[in-house]
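The following paragraphs lead through one protein structure. Please keep the sequence and the model at hand while reading.

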Amino acid sequence: MNSAPIFAVCAADAGVTALLGLSPTRLYPFGEAPEGVAKPYAVWQLVTGSPENYLAGRPDLDGYTLQVDVYGTTATSARAVTAAISAAIELQAYVTRWGGESKDTETKLYRSSFDIDWLVPR
């Protein structure tokens, strides 16, 4: 199974790396970030996916729906990263849902969530 190239696209975008850093860019898979990571940061996870099936031949595309959650110490920083990631991916994928915004009562971090649909050639 392939995966959506969200990290490669975001790590190559100056707007994203200005907010999430270089080496490493603070964008982590499986919805989990390392403990003690600098803020802001973003995590992403695969929500669903499926191949583009055809009657005559193998699929040549896989479709993925990703959920991205951005965490920051301020609402402004979380929203800025959300805007930067969506701008970085919008020529290759589609933002399909602007999710909720919240503040975690335990960590005091602000969270901004959105979903992306991505078609990836095999």
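Asp115 is buried, with a relative accessible area of 11%; buried denotes a value under 20%, exposed a value over 50%, and partly exposed the range in between, with a 1.4 Å probe and protein chains only. The model is a predicted one, in which local features need pLDDT of at least 70 and side-chain atom pairs count only at pLDDT 80 or more, whereas totals for chains, interfaces and linings use all residues. Residues are numbered from 1 along each chain as its sequence is written, and side-chain values rest on heavy atoms, with hydrogens and water left out.

Asp115 has a charged partner: its side chain meets that of Arg97 in a salt bridge, with 2.8 Å from N to O. The term requires a side-chain nitrogen of Lys or Arg within 4 Å of a carboxyl oxygen of Asp or Glu. Because Asp115 belongs to strand 5 and Arg97 to strand 4 (residues 94-103), the pair ties together parts that are 18 residues apart in sequence. Arg97 is partly exposed, at a relative accessible area of 34%.

The structure holds four salt bridges. Another of them joins Arg111 to Asp69, whose closest N and O atoms are 3.1 Å apart. This pair links distant parts of the chain, since Arg111 lies in strand 5 and Asp69 in strand 3, 42 residues apart. Arg111 counts as partly exposed at 24% relative accessibility, while Asp69 is buried at 6%. A further salt bridge brings together the side chains of Arg122 and Asp62 (2.9 Å, N to O). Arg122 lies in the segment after strand 5 and Asp62 in strand 3, so this pair ties together parts that are 60 residues apart in sequence. Arg122 is exposed, with a relative accessible area of 54%, whereas Asp62 is buried, with 8%.

The elements named above belong to a chain with three helices and five strands. These are DSSP runs numbered from the N terminus, helices being H or I of at least four residues and strands E of at least two. From the N terminus on, their order is α-α-β-β-β-α-β-β.

The nonpolar interior comes next. A nonpolar core is a set of buried Ala, Val, Leu, Ile, Met, Phe, Trp, Tyr and Cys residues joined through side-chain atoms within 4.5 Å. The largest such core has 24 residues, and those with the most contacts inside it are Ile6, Leu66, Val68, Val70, Ile85, Ile116 and Trp118. Two or more residues each come from helix 1 (6-11), helix 2 (14-20), strand 2 (41-51), strand 3 (61-72), helix 3 (75-89) and strand 5 (110-121). Helix 3 gives the most, with six residues.

Val68 illustrates the packing. Neighbours within four places in sequence aside, Val68 is in contact (heavy atoms within 4.5 Å) with Ile6, Ala42, Val43, Trp44, Ile85, Ser112, Ser113, Phe114 and Ile116.

Some totals complete the description. Of the 122 residues, 39% count as buried. Among contacts with a separation of 6 or more, 53% are between residues 24 or more positions apart. The C-alpha atoms fill a box of roughly 55 × 25 × 25 Å, taken along the principal axes.
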